[in-house]
Amino acid sequence: MEDTLTLIGLAHEGDPKARDTLVLENTGLVWSIVRRFQGRGCEQEDLYQIGYIGLIKAIDRFDTSYDVKFSTYAVPMIMGEIRRFLRDDGMIKISRSIKEMNVRVQRTREEMMWELGREPTLEEIADKLSVSREEVAAAIDVGAEIESIDKNVGNGDDQNLRLMDRLSDEWHEQENLLNRMLLDEIFSRLDPRDRDIIERRYFKNQTQGEIAADYHISQVQVSRLEKKILRRMREYLDS
């Protein structure tokens, strides 16, 4: 697997293969985030399409001088795109507009292939239609079959290898990353005392009695506080 920063640099220079490689390598990340939004009244495939747009934006906007992993930068971009979509309740409107754009993109792509004698880039199609690269990417993607994570991708001695098998290790790492980022977001809303109690109880394995002694309160009070804080954290997560 090529270095991520190298691939991003090539994608910024207009290399479609580098962009496709980055998208494939981060498919698991998008699905991991989509699963967080189950039960919101939208099909997971529709949310994947929206998350895909967020991934493309992350690829296009990531500065290789950032002192962070690309996945760390991409997660909030993908989540933000999905949250805006759900907040605006724009599934029907967006889906219709993307389908209409798909027709325009395919027609323009064919015309430009004849004119240029090669496959046009996303940027060239976008300039021709006076739209953004994200709109072109979404329009192209809506016309293609979403690749199943159960698809057989094996060859040679690995005939039964599935895409799920290839991505499983990445998914585990990305799930942990997403969990940490969500926890950090929730912790940022707690006051210092409440955050300290939760950190001691669930990350430092301290007893309620030990915490009570440090705060000069009873163990019963710590128990009540803990339940109240956990309830508030669940409310933050649901919101």
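**Salt bridges and helix packing**

Modeller: D196 and R200 sit four residues apart in helix α10 (residues 192-202), so about one helical turn separates them. One thing first: this is a predicted model.

Biologist: Noted. What do D196 and R200 form with each other?

Modeller: A salt bridge. The closest N and O atoms of D196 and R200 are 3.1 Å apart.

Biologist: What's the general idea behind that kind of pairing?

Modeller: Side chains of opposite charge can pair when their charged atoms come close.

Biologist: Is D196 buried or exposed?

Modeller: Buried. The cut-off for buried is under 20% relative accessible area. D196 has 18% relative accessibility, so it counts as buried. R200 has 16%, so R200 counts as buried as well.

Biologist: Which residues make the contact?

Modeller: From α10, they are R193, D196, I197, R200 and R201. From α11, they are Q208, I211, D214 and Y215.

Biologist: How many of the contact residues of α10 with α11 are charged?

Modeller: Five are charged. Three are nonpolar and one is polar.

Biologist: R201 was in that list. Which residue forms a salt bridge with R201?

Modeller: E226 does, and the closest N and O atoms are 2.8 Å apart. E226 lies in helix α12 (residues 219-238) and R201 in helix α10, so the pair ties together parts that are 25 residues apart in sequence.

Biologist: Is E226 buried or exposed?

Modeller: E226 is buried, at 6% relative accessibility. R201 is partly exposed, with a relative accessible area of 23%.

Biologist: How many salt bridges does the structure hold?

Modeller: Ten. There is also a network of salt bridges, and it links R19, D60 and E123.

Biologist: New topic. How do you describe two packed helices?

Modeller: By the angle between their axes and the distance between the axes.

Biologist: Then give me those values for α3 and α4.

Modeller: Helix α3 covers residues 27-35 and helix α4 covers residues 44-61. Their axes cross at roughly 125° and come within 9 Å. The two helices are therefore oblique to each other. Their crossing is right-handed.

Biologist: Which residues meet there?

Modeller: T27, V30, W31, V34 and R35 in α3. Across from them in α4 are Q44, L47, Y48, G51, Y52 and L55. The contact of α3 with α4 has seven nonpolar residues, three polar and one charged.

Biologist: Now the start of the chain. Where is H12 found?

Modeller: In helix α1, which covers residues 4-12. H12 is partly exposed, at 37% relative accessibility.

Biologist: What does H12 touch, leaving out residues up to four places away in sequence?

Modeller: I59, D60, R61 and F62. H12 and I59 are 47 residues apart in sequence. In space they are 8.2 Å apart, C-alpha to C-alpha.

Biologist: Where does S130 lie?

Modeller: In the loop between α7 (122-129) and α8 (133-142). S130 counts as exposed, at 66% relative accessibility.

Note on methods: Residues are numbered from 1 along each chain as its sequence is written. This is a predicted model: local features need pLDDT of at least 70, side-chain atom pairs count only at pLDDT 80 or more; totals for chains, interfaces and linings use all residues. Side-chain values use heavy atoms; hydrogens and water are left out. Axes are lines fitted to C-alpha atoms, for helices over the stretch in contact, and angles run from 0 to 180 degrees between N-to-C directions. Angles under 35 degrees count as roughly parallel, over 145 as roughly antiparallel, 65 to 115 as roughly perpendicular and the rest as oblique. A crossing is left-handed if the near helix is turned anticlockwise from the far one by less than a right angle, and right-handed if clockwise. Contact means heavy atoms within 4.5 Å. Ala, Val, Leu, Ile, Met, Phe, Trp, Tyr, Cys and Pro count as nonpolar, Asp, Glu, Lys and Arg as charged, and the others, Gly among them, as polar. A salt bridge is a side-chain nitrogen of Lys or Arg within 4 Å of a carboxyl oxygen of Asp or Glu. Buried means under 20% relative accessible area, exposed over 50%, partly exposed in between (1.4 Å probe, protein chains only).
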